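User: I would like to learn how to read packing, fold and surface in a model of this kind. Please take me through it feature by feature.

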Amino acid sequence: MTSLWRASRPQITSDDPPERCDDVVVGAGITGLVTALLLARAGRQVVVLEARDVGAVTTGHSTAKVSVLQGTRWSRLLRDQSEEVVGAHVEGNREGRDWLLRYCEERDVPYQVRPAVTYAPDRGQGLERAREELDAASRLGLPVHWARDLPVPFEHAGGVVLDDQAQLDPMDLLTALVEDLRAHGGRVVTGARVTGVGSPLRPVVRHTRGRTRCAHIVLATGTPVLDRGGYFAKVSASRSYAIAHEHPDPPQLMLISADGPTRSVRDAPGSLLLVGGEGHPVGRTRSEAEHLERLRAWTAVHFPDAVETHAWSAQDYRSHDGLPFVGRMPRGLGHVHVATGYDKWGMTGGVAAALDISADILGGSMSWSRPVHRRITRPRAAARIVGMNARVGLDLLSGAAGVAVRPLRPTRPPEGEGEVGRDGIVPVARAMIEGRTCAVSALCTHLGGVVEWNDAERTWDCPLHGSRFAATGEVLEGPASRPLAQRRIPGEPQG
């Protein structure tokens, strides 16, 4: 599935990878490209390594709301963290938003100013949560107000409003960042998947297009591709969905519901309506396609004149305590930096992380980042880590047990479908794509979880830590960095 933003865009061409530079940034989304630009502006030699192409993962598939009102995030965070810590995080997001909009003005990147709204979908729990967010945002200094009636065609019980937020086309932004970075001497290398890093004393980044020696490494991927620090065990991966439609009169608001099932609504230039939501843990749902159908059904009821043009999904990561991990990676000796866990709000959080990391590399700091870095894990957040990893262990055992007792069917799967089972004693993931049988190992190359078939995107998804693979085994997103091994089933033609 291809997002509205990427559908008609040619891929940005690649530079050649250098053997040496000052800084290697891994990942060509918003965090990586803003970090690289800030470092290049300071006179450093910077290269961005991107496994696929620019905007291929989260940024190019986001709804691209540039807002400091973020659903019910602030009230949720205040349950686990002090007001000082959450307030500092709000300030970082505010600075991220302001930097981004100034940049758009300077570089003529189009954006639209819109009110951000967290609306109550009902008068029960939805209203209670929206009111809690109003109180939390007010305590944290945001100039929010309550609107009893919103100009929307679906039922609601009012909502929290923060005026003068923004929305944009994320590929417009990424294209401008790449051009600006190159004008400052930086390079963007695509098709370069990082496979490892040598000694942090003299870092050498190994990737599929060679090796690059540097002084600092910034891991700006969805989840870090290195297992140092064990971040894969402290963030949970989720997928959510979006559908773009032609519509004669889309609401001129950026809306998100305060209670589930999540519904996210915004407009886009050209009289387009975007409807999103239906998030779920990666690889842990009966059918991804069903989530898209629920969005379609909701849209058909409330926007009957909408005509679908594009449908897609994105992957996001949330930390155990709801705050992103940004800063120096353990056992990196100060040379390896990481940014992950924006909990779906990377347009502001990703820029804040870039400001923080680049300041650190350049010998400075952001005042609002100190309380966030020094936060402690409270009992409720610690319990979430235990719960997250208990679920991972359960998925690992149940997946292995299921494969052990379930042989592959004697007939090939129907077109567009996949199955996991034994071929003898070997766990195999088999799918039928465009008339070809694709058979690969069913064990994720990260920690050996049994992959699940994603029937919406025709991919193999790992329920342990969110690694995803094409039907033919290539890595789509990590923490896995190696493809699924090819398997040949005797007597069956292979793709």
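User: Which residues does Leu100 touch, not counting residues up to four places away in sequence?

Analyst: Contact means heavy atoms within 4.5 Å. In this predicted model, Leu100 touches Ile30, Val66, Leu173, Met347 and Val351, with residues up to four places away in sequence not counted. Residues are numbered from 1 along each chain as its sequence is written, and side-chain values use heavy atoms, with hydrogens and water left out. Local features need pLDDT of at least 70 and side-chain atom pairs count only at pLDDT 80 or more, while totals for chains, interfaces and linings use all residues.

User: How many residues does the largest nonpolar core have?

Analyst: A nonpolar core is a set of buried Ala, Val, Leu, Ile, Met, Phe, Trp, Tyr and Cys residues joined through side-chain atoms within 4.5 Å; buried means under 20% relative accessible area, exposed over 50%, and partly exposed in between (1.4 Å probe, protein chains only). Here the largest such core has 56 residues, and Leu33, Leu100 and Leu173 have the most contacts inside it. Elements that each supply at least two residues of this core include helix H1 (30-41), helix H3 (83-107), strand S6 (159-168) and helix H7 (346-361). The largest share, nine residues, comes from H7. Another core, of 24 residues, lies apart from it, with Ala192, Val197, Cys214 and Val338 among them.

User: How many helices and strands does the protein have?

Analyst: Helices (H or I, at least four residues) and strands (E, at least two) are DSSP runs, numbered from the N terminus. The protein has nine helices and 25 strands.

User: Why is it called as compact as a globular protein of that length?

Analyst: The radius of gyration is taken over C-alpha atoms, and the globule rule is 2.2 Å times the number of residues to the power 0.38. The protein has a radius of gyration of 22 Å, close to the 23 Å that the rule gives for 495 residues, so it is as compact as a globular protein of that length. Buried residues make up 59% of the 495 residues. Of the contacts with a separation of 6 or more, 69% are between residues 24 or more positions apart.

User: Is Ala485 buried or partly exposed?

Analyst: Ala485, in the segment after strand S25 (475-477), has a relative accessible area of 34%, so this residue is partly exposed. Leaving aside neighbours within four places in sequence, Ala485 is in contact with Val440 and Ser441. Ala485 and Ala442 are 43 residues apart in sequence and 8.7 Å apart in space, C-alpha to C-alpha.
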